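Hi everyone, thanks for making time. I'd like to walk you through one model today, so let me put it up on the screen.

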Amino acid sequence: MQEVIDAISGFVWGPPMLILIVGTGIFLTIRLGFMQFKTLPYAIKLSFRPEKKDNNNKGDISHYQALTTAMAATIGTGNIVGVATAVVLGGPGAVFWMWISALFGMATKYSEAILAVKYRVTNSKGEMSGGPMYYLERGLKQKWLGVLFAIFGAIAAFGIGNMVQSNAVAGAVETEFNIPTWVTGIVLTLLVGLVILGGIKSIGRVTAFFVPIMAVLYILGGLIIMIMNFDIVPQAFGLIFTDAFTGSAVGGGILGTVIRYGVARGVFSNEAGLGSAPIAAAAARTDYPGRQALVSMTQVFFDTIIVCTITGATIVMANMYGNEELSGGDLTAASFSYFLGDFGGFIVTIGIILFAFSTLVGWSYYGEKCFSYLFNDKAIPIYRVVFVLAVFYGAIEQLNVVWGIADIMNALMAAPNLIGLLGLSGVVVYETKRFLKVAKEEKEREKAERAS
């Protein structure tokens, strides 16, 4: 069964899917006039603007909380384990192709969010519901695609967003602190339950506090390594750039392998194109879809360009990726420990714990929204209880099959979502022009007010 699942996973995540995901990003980038590069500084500023600005607009949480909820789900074990896997299988140059996938993925993430806000609805509880299932139904007029997305999303939430994460935490805690997996499972189950049973407002408050702390701690660890070993930083980045176009670090010097693993792990990390993050974006209080879309776009920048770069650069600098006994999280931990001793391994272990916990919280919201779309809002409490129980199961069981099924479900999520993005690209362009005109007027008004 494992071999069959692995074969299916390898097929659905093969070159055609990766070309479709990156190709969609390139297509949207061109249609939007490369706007992610022009508007990134403004988008970052908008992400951290005081919440009171949008208090009177429709929505359940602020721009910032919507961003941190999406980042909570995205910044996970992929930033530690996935990057290490990319470097082992694709060589140092894979990090460069992760950057490329992220730069175009910013346009994809922007487009997902703009459609999610435009086509969102108010549910029976007075809360916002949105995401690919709604813009596929209400925008593209293809409800069957929305249903397919919701089915795949609800299932995927139990895999990559739940059991895989709790399993990673339990394993790391057992290795580093010798604590039994069942103990970690109970603690995780209780913590996740306390957060998600309160709904999106509770999740938003927790992630707004939690995500910056966990990301900053991990980034600081990586920056300390770079500052202490500044003499080898240029060499490491030089290797990343040169290997990206030669593939010399891969057996046989196969350039396609470098590109494939770089793009694949980049997509796994930032989830641009999967259709998960726009579900959180739809809950934001905002006056224009484009305003929240710019905020959502920065998620890819923070996740891949910053956090994944910290992991990738440290691994390349330590030069231990050729050791066949090290892979995944073990390679990242060994690389950090190479420079910082036991404290380095501690940083990675804590990173896995915090990143995985945040993913559990974020994906719980994605899963319940998919579930409620298929059934109704009254079914949400049932989904939450089952989701919380699955956290414990994931912590104590071997999950090779679950990993494979989760990968397949993620690919199946992406397919209808990408169809929606391509089919509704004209709407994205229209809403973008509409908001950028407003943003320009706001900027001129602020400048005039300062002058007076």
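Let's start with Glu 431, which is buried at a relative accessible area of 3%; buried means under 20%, exposed over 50%, and partly exposed in between, with a 1.4 Å probe and protein chains only. Before I go on, this is a predicted model, so local features need pLDDT of at least 70 and side-chain atom pairs count only at pLDDT 80 or more, while totals for chains, interfaces and linings use all residues. Residues are numbered from 1 along each chain as its sequence is written, and side-chain values use heavy atoms, with hydrogens and water left out.

So, what does Glu 431 meet in a salt bridge? That's Lys 118, at 3.0 Å, N to O. By salt bridge I mean a side-chain nitrogen of Lys or Arg within 4 Å of a carboxyl oxygen of Asp or Glu. The pair links distant parts of the chain: Glu 431 sits in helix H19 (residues 425–451) and Lys 118 in helix H6 (residues 94–118), 313 residues apart. Helices here are DSSP runs of H or I, at least four residues, numbered from the N terminus.

Buried or exposed? Both Glu 442 and Arg 291 are buried, with Arg 291 at 0% relative accessibility. Asp 287, on the other hand, is partly exposed at 34%.

Another buried spot is Ser 364, at 2% relative accessible area, in helix H16 (residues 342–374). Leaving aside neighbours within four places in sequence, Ser 364 is in contact (heavy atoms within 4.5 Å) with Ile 196, Ile 203, Tyr 383 and Phe 387.

Last stop, the surface. Met 1, Trp 144, Leu 148, Ile 151, Ile 155 and Ile 405 make a nonpolar patch of about 590 Å². Helix H8 (residues 143–177) gives the most to this patch, four residues. Ile 405 comes from helix H18 (residues 400–423) and is partly exposed, at 34% relative accessibility. For patches, residues need over 30% relative accessible area and no salt bridge; like charges are joined within 9 Å, and nonpolar side chains (Val, Leu, Ile, Met, Phe, Trp, Tyr) within 5 Å. Areas come from the Shrake-Rupley method with a 1.4 Å probe, and for residues only the protein chains shown count as cover.

How values were computed. Helix = DSSP H or I, 4+ residues; strand = E, 2+ residues; numbered from the N terminus.
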